[in-house]
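Dear colleague,

I am passing on the structure we spoke about, and below it you will find a short account of what came out of the analysis. Please read the account with the structure open beside you.

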Amino acid sequence: MKIEVGGVEQRYGPRCVLKGVTFTIETGETVVIMGGSGCGKSTLLRVLSGIERPTAGSVRYDGEDIARMSEAELDRLRKRWGFCFQGGALFGSLTVGQNVAFPIREHADLGEKVIDIMVKMKLDMVGLTGFGDLKPSQISGGMAKRVALARAMALDPEVLFMDEPSAGLDPVMSAAIDQLILDLTKKTKITTILVTHEMKSAFTVADRMILLHEGVVVAEGKPGDFRASRDPLIRQFIDGQPDGPIPLRRHRDEYLKSMMGAE
Ligand SMILES: Nc1ncnc2c1ncn2[C@@H]1O[C@H](COP(=O)(O)OP(=O)(O)O)[C@@H](O)[C@H]1O
Ligand SMILES: [Mg+2]
């Protein structure tokens, strides 16, 4: 599906978290949304996936604006999407297989045998053949992320949303998840929107990249464009330099404030 984001603004009370966000994602593309902590990445993903409606602007899927859709219309569209969200933990009381089956049972009317086969296929796909009967507490963090990915892919989505899919993993595990995402998105031609603040992940999976800073799209281009850029903001972000145009201290303070729930 082609996604056109036009002038999206998201306000929470007096705070404007997204400002005039505009970009297009072509069908089958993997676009990575990058940016420091608190710049609005997760908010943008919630708006793109219709979990929140923007206070202004449009989000069009193949020309249809979800900001103006009824819940029923949006639900119909959501069946064609897969989600792998930050903190989107597995259901602890369900087995691995039941977790993967969850969106299938919710959105499709299929018999148990068919569901079983679908679940097995998805677990094979993420390298977890035979793990279906274990509980989330019996598998590692990296395996849990793979189950979450299998669950997101359960209904062969046309659009896949992922928020920090390798967060909290060690570098080796994180690289393995990136490689898996790359394999899946290349094989299936899903339109993929991945949010991350990890440069390595971004450069591994991206066809195109969008850099968000304080709710504004400050750069957009192919990974090669970003690598070659001399823009100080981009360089600081890519190279992780502590002193540059982004006032890191202020971000840290904001982060701490948001962690404590103060506004
Ligand atoms: N529902 C909300 N109400 C108020 N402020 C919010 C809400 N959601 C996010 N924010 C604020 O918006 C900013 C961007 O948040 P977020 O999108 O989670 O950033 P990121 O994912 O880039 O770290 C943060 O300062 C956060 O505190
Ligand atoms: Mg986030």
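I begin with strand 1 (residues 3-12) and strand 2 (residues 15-25), which run antiparallel and are joined by 7 bridges. Within this pairing, Arg11 has Cys16 of strand 2 as its bridge partner. The two strands form a hairpin with 2 residues between them, and in this hairpin Gly13 takes a positive phi near 60 degrees. Please keep in mind throughout that the model is a predicted one.

Turning to the protein as a whole, it contains 10 helices and 10 strands, and its C-alpha trace spans about 55 × 40 × 40 Å along the principal axes. The radius of gyration is 19 Å, which agrees with the value near 18 Å that a compact globule would have with 263 residues.

Of the contacts with a separation of 6 or more, 64% are accounted for by residues 24 or more positions apart.

The surface and the charges may also be of use to you. The accessible surface of the protein comes to about 12900 Å², and carbon and sulfur atoms hold 55% of that area. Among the side chains, 34 are positive and 35 are negative, while the centres of these two sets lie 1 Å apart.

How values were computed:
Residues are numbered from 1 along each chain as its sequence is written. Chains are lettered from A and ligands numbered from 1 in the order in which they are written. This is a predicted model: local features need pLDDT of at least 70, side-chain atom pairs count only at pLDDT 80 or more; totals for chains, interfaces and linings use all residues. Side-chain values use heavy atoms; hydrogens and water are left out. Helices (H or I, at least four residues) and strands (E, at least two) are DSSP runs, numbered from the N terminus. The radius of gyration is taken over C-alpha atoms; the globule rule is 2.2 Å times the number of residues to the power 0.38. Contact means heavy atoms within 4.5 Å. Accessible areas come from the Shrake-Rupley method with a 1.4 Å probe; for residues, only the protein chains shown count as cover. Lys and Arg count as positive and Asp and Glu as negative; His and the chain ends are not counted. The place of a charge is taken as NZ of Lys, CZ of Arg, CG of Asp or CD of Glu. Two strands pair if DSSP finds at least two bridges between them.
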